[in-house]
Amino acid sequence: MGLELGIVGLPNVGKSTLFRALTRIEAEAANYPFCTIEPNVGIVPVRDERLQKLNELIQPQKCVPATLKVVDIAGLVKGASEGEGLGNQFLSHIRQVQAIAHVVRCFEDENIAHVTGSPSALDDLEIVETELILADLAQIERKLERLNKQMKGKSAKGGQAGIDETAVFQKMHDYLASGKMARSLELNEDEEKIISELQLLTAKPFFYVANLAEAELEKPGPQFRALEKYACEQEKTVIPVSAKLEAELSEMDEEESREFLEELGIEQTGLDQVILRGYELLNQITYFTAGTPEVRAWEIQEGTGASSAAGKIHTDFEKGFIRAEVYHYSDLISLGTENAVKEAGKFRLEGREYTVQDGDIMHFRFNV
């Protein structure tokens, strides 16, 4: 499975506008619910200042960033867990992604319809999270029913019933029933393994994207402040953006966009923050390959060994792995050249079990 960040929320909160700005793909965005039925999918580059500096230093023929797949999922409504508004279909789309960006509308505009009539950030958030919890509860209840039948069958035959597994699912059921998200329940390694088979919606890592009116970016209003307070209490990230502004910026060329951001006093766009946060939630790190033909960022899971990292480039690299030549981005920047890195003793040869670190620059030796 590729790395997928799902964009979720109520209808008409700005999900498709945000998706269009992220991917520059013309996803439909309209002033009525359910203009998105099938999920829109796009690939977005992960902006990394380190890659840009490597590009300036080495001046390769080609510079390739790491990427993230973004999925725009149709809006959920109250009752989605029971099939309202094609809810079952949309919930199944969420189940396929690995992390969630929950878009919450934090502005009022009488020209943009709201599914409940009047936008309220916390009420809107509660609707979506409640439906996700209810969908997870229904799934666990079906699992418990199957386990109970299996236990009765085993008991009738004199076998050992799966009491431990049932207890784990019951523990999660009771926690969800209290209105809490699965991800916040502390589980040991064995419990996590048992629960993971269900791919619970509320077990996925997530963050909030607050969609603001452009005028409120510098001084957000009460709806954003309420959302920010709630997110802080839940130890979750909230990223303020103006989806409309981001969509306009995405239609400009890079120089126009940079000048416009400077005028607004914005150092990093909301989109960049959304992409980076999604990348972090997926426990991704970046290593680089750097040479005159190409400088490239490679996304891998934190904790990946050198041979597996080599396989990201090509399966032959992993099969015939001999060793990796490794030095760190920070050493190259501080010393200026690869030769200087070698002279300073910062250049290493590592075996297949070496755990790749974020910011490593690597060249693989292999033989097939």
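What share of the contacts in the protein chain with a separation of 6 or more comes from residues 24 or more positions apart? In this predicted model, such residues account for 69% of those contacts.

**View 1. Overview of the protein chain.** The secondary structure comprises 14 helices and twelve strands, and buried residues make up 47% of the 368 residues. The chain exposes about 19,000 Å², of which carbon and sulfur atoms supply 46%.

**View 2. The largest nonpolar core and the surroundings of M172.** This core has 80 residues, and those with the most contacts inside it are L18, M172 and L227. Its largest share, eleven residues, comes from helix 4 (residues 121-156). When residues up to four places away in sequence are not counted, M172 touches I140, A182, L185, L187, I195 and L200. A second, separate core of 14 residues includes A309, A310, A324 and V326.

**View 3. The aromatic pair F206 and Y208.** This is one of eight aromatic pairs; the ring centres lie 5.4 Å apart and the planes meet at 75 degrees, so the pair is edge-to-face. Both F206 and Y208 are buried.

View 4. The rings of Y287 and F364 are edge-to-face, because their planes stand at 90 degrees, with the centres 6.0 Å apart. Since Y287 belongs to strand 8 (residues 284-290) and F364 to strand 12 (residues 360-366), the pair ties together parts that are 77 residues apart in sequence. Y287 is buried with a relative accessible area of 0%, and F364 is buried with a value of 6%.

**View 5. Charged ends over aromatic rings.** The charged end of R105 sits over the ring of F107, 4.8 Å from its centre, and that of K342 sits over the ring of F347, 4.8 Å from its centre.

Notes: Residues are numbered from 1 along each chain as its sequence is written. This is a predicted model: local features need pLDDT of at least 70, side-chain atom pairs count only at pLDDT 80 or more; totals for chains, interfaces and linings use all residues. Side-chain values use heavy atoms; hydrogens and water are left out. A nonpolar core is a set of buried Ala, Val, Leu, Ile, Met, Phe, Trp, Tyr and Cys residues joined through side-chain atoms within 4.5 Å. Buried means under 20% relative accessible area, exposed over 50%, partly exposed in between (1.4 Å probe, protein chains only). Helices (H or I, at least four residues) and strands (E, at least two) are DSSP runs, numbered from the N terminus. Contact means heavy atoms within 4.5 Å. Accessible areas come from the Shrake-Rupley method with a 1.4 Å probe; for residues, only the protein chains shown count as cover. Rings of Phe, Tyr and Trp (its six-membered ring) pair if their centres lie within 6.5 Å; planes under 30 degrees apart count as stacked, over 60 as edge-to-face and the rest as tilted. A charge sits over a ring if NZ of Lys or CZ of Arg is within 6 Å of the ring centre and within 35 degrees of the ring normal.
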